[in-house]
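This report examines how the parts of one protein chain are held against one another. Please look at the sequence and the structure before reading on.

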Amino acid sequence: MQNSNSCTKDEKNVTIKRNKSKQNSFIIWCSGRLKDARVHLIQRGTEDLVNHLFWQSMLLTLTTPLARFVRGRWTSGSLLYWGLPFLTWIGWVDVERDDSEEPNFPFYQFVYKTDETVPGIDFAFGLHAFGGLFWILTAWVQIYFLKNSKAWHRAFGVVAILSFVLHMLASIYNLYFDYMKHRPLPRLMLFMICMDSIICMVTSIVRAMRKDITGHRDAMMRCFIYSIEGSGTIRWIANLQELLGVGPTNCQNQWNGLATNCMYSYCWRLMITRCLSMYFLGLFTVQRNSKTFARRFYLELLWSTLIAVFLYNPQRMKTFDMMLQSNADFAIPLIISIGTFVRITILC
């Protein structure tokens, strides 16, 4: 009897060890693939890094206007399942419908109201989507294809600047429209992404006029990485959070897509998005192999870390948001001025 019990225990231990070995092997395999991808991106040139960022941002951003075209309403859907509504639209797949006679796609994070219910949502979201996609496309063409032609680079640069201006205006208008009814803090964080992008773009233009080609490229790369945070980078984070079952999505589902009561999780989505942008910028820093640029990167990493540490505590974040709300005329311009000063200091 004791021998049978000991055998059973030994078999269980062997099974547990095998499972752990399989898990460790899978983790080691995934780590190896990630290292290979990182080494590949580091060894490639700046243009290839931009190429990778372009395709991921374009594919992730296209899911939103595609959902609007297929379903007739703006939706927040996962990249993994965007093909299903298209197959449903053409009649190849039958999906259950709810009381509103609309397809019930469980993978959609939430569905926004129609333009009849919320006038102006089509213009705000449509302009934002078009501006973002147009800027990603022109920036990619400018950096990837026209880098060796000074005449074409200069001429097409006008188109790229105009597309960037449209992208920024559309983003700021979307903040003004504020369908999600954000609290002051997340709106301020979203606005600062625009400010970071604008400062880097202006710096890039000034350096190009001064014939500082290296400085022009450095500032332009920063501008491109920051400006796609709301297009592709944040969608990477949103899809990852959806797979893990975390983030503001579940909270917003309870409030019909509104984010008023989801400030903490939404702000952390923005901060994690900036972490991913810092990773992209870190890859470019390794490619640059410049002590001066690396020093600026570490300063920016320190600044982003200090913000994350300050906002880590939910009560502190709520208090800070209430301070912004109660003293908006003074606090918001002050925070914007401090952020602008830090950004200029890092660039210079």
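With which residue does Arg343 form a salt bridge? The partner of Arg343 is Asp196, and their closest N and O atoms are 3.2 Å apart.

## Basis of the report

The model is predicted, so local features need pLDDT of at least 70 and side-chain atom pairs count only at pLDDT 80 or more, while totals for chains, interfaces and linings use all residues. Residues are numbered from 1 along each chain as its sequence is written, and side-chain values use heavy atoms, with hydrogens and water left out.

## Salt bridges

Side chains of opposite charge can pair when their charged atoms come close. A salt bridge is defined here as a side-chain nitrogen of Lys or Arg within 4 Å of a carboxyl oxygen of Asp or Glu. By this rule there are nine salt bridges. Helices are DSSP runs of H or I with at least four residues, numbered from the N terminus, while strands are runs of E with at least two. Arg343 is buried at 3% relative accessibility, and Asp196 is buried at 7%. Here "buried" means under 20% relative accessible area, "exposed" means over 50%, and "partly exposed" lies in between (1.4 Å probe, protein chains only).

Asp218 pairs with Arg288, with closest N and O atoms 2.7 Å apart. Asp218 is buried at 5% relative accessibility, and Arg288 is buried with a relative accessible area of 18%. The side chains of Arg222 and Glu300 also meet in a salt bridge, at 2.3 Å from N to O. Arg222 is buried at 2%, and Glu300 is buried at 1%. A network of salt bridges links Asp196, Arg222, Glu229, Arg274, Glu300 and Arg343.

## Aromatic pairs

Rings of Phe, Tyr and Trp (its six-membered ring) count as a pair if their centres lie within 6.5 Å; planes under 30 degrees apart are stacked, those over 60 are edge-to-face, and the rest are tilted. The structure holds 17 aromatic pairs. In one of them, the ring centres of Phe123 and Tyr173 are 5.6 Å apart and the planes meet at 80°, so the pair is edge-to-face. Because Phe123 lies in helix H4 (residues 121–145) and Tyr173 in helix H5 (residues 150–177), this pair ties together parts that are 50 residues apart in sequence. Phe123 is partly exposed at 49% relative accessibility, and Tyr173 is partly exposed at 29%.

Trp135 and Phe164 form another edge-to-face pair, with ring centres 5.1 Å apart and planes at 65°. Trp135 is in H4 and Phe164 is in H5, 29 residues apart. Both Trp135 and Phe164 are buried. One aromatic cluster is formed by Phe54, Trp55, Trp140, Tyr144 and Phe145.

## Helix H5

H5 has 28 residues and reaches 40 Å from its first C-alpha to its last, close to the expected 40 Å. The expected span is 1.5 Å times one less than the number of residues. H5 bends by about 30° at Gly157, where the bend is the angle between axes fitted to the seven residues ending there and the seven starting there.

Among the buried residues of H5 are Gly157, Phe164, His167 and Asn174. The buried residues of H5 pack against H4, H6, H7 and helix H8 (229–244), with contact meaning heavy atoms within 4.5 Å. Just after H5, Asp178 takes a positive phi of about 50°.

## Cysteines

A disulfide is a pair of cysteine sulfur atoms within 2.5 Å. The whole structure contains one disulfide, which joins Cys251 to Cys262 with an S to S distance of 2.0 Å. The torsion about its S-S bond is about -85°, so the disulfide is left-handed. Cys251 lies in helix H9 (residues 249–254) and Cys262 in the loop between H9 and H10, 11 residues apart. Both Cys251 and Cys262 are buried.

Cys223 is in no disulfide, and the nearest cysteine sulfur, that of Cys200, is 6.1 Å away. Cys223 is buried at 0% relative accessibility, whereas Cys275 is exposed at 53%.
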